[in-house]
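Please open the model in a viewer and follow the selections in the order given.

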Amino acid sequence: MMLRYLPVHRPHRRLGIDALARGSGVHPDMLRRFVALGLLRADRDTGGRLWFPPSELAAVARIERLRCGLSLNYAALGVVIELLDQIRALEDELRRRPSTGPERSDAGRSA
């Protein structure tokens, strides 16, 4: 008896625009607009088709929350996303630093 091995299914490393649209519930034209504005990362193949890393599903959800929940325009979206990313980076840096004990916020005040 000869054994046959089925190929291992590997998750897609990239999503096409239609797959991202289905996964996010956002129209492909809107996704193209987000790419043009620099809000989403995408690569183009030789045929000009857009390919997205799977992590961009979370990025689309974030954009939609900001756009719909806070009624931000496209220019403001970019600024807010950049600021949120900077805040996250600073918070991560603070978490990595060793604690030196409680700091006194009232240092230098006279009683």
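Predicted model: local features only at pLDDT ≥ 70, side-chain atom pairs only at ≥ 80, totals over all residues.

Residues are numbered from 1 along each chain as its sequence is written, and side-chain values use heavy atoms, without hydrogens and water.

Begin with the whole protein chain, colored by secondary structure. Four helices and three strands are present, in the order β-α-α-β-β-α-α along the sequence; helices (H or I, at least four residues) and strands (E, at least two) are DSSP runs, numbered from the N terminus. Of the 111 residues, 22% count as buried, that is, under 20% relative accessible area with a 1.4 Å probe, protein chains only.

Next, select Leu15, in strand β1 (residues 15-16). Leu15 counts as buried because its relative accessibility is 15%. Beyond its neighbours within four places in sequence, Leu15 has contacts (heavy atoms within 4.5 Å) with Leu20, Leu50, Trp51, Phe52, Pro54 and Leu57. The C-alpha atoms of Leu15 and Leu57 lie 9.3 Å apart, at a sequence distance of 42 residues.

Finally, select helix α3 (residues 56-69) together with helix α4 (residues 74-96). Which residues of α3 and α4 meet? Arg62, Ile63, Leu66 and Arg67 in α3 meet Tyr74, Leu77, Val80, Ile81, Leu84, Asp85 and Arg88 in α4.

Methods: Buried < 20%, exposed > 50% of the residue type's maximum accessible area, 1.4 Å probe, protein only. Axes fitted to C-alpha atoms, helices over the stretch in contact; angles between N-to-C directions.
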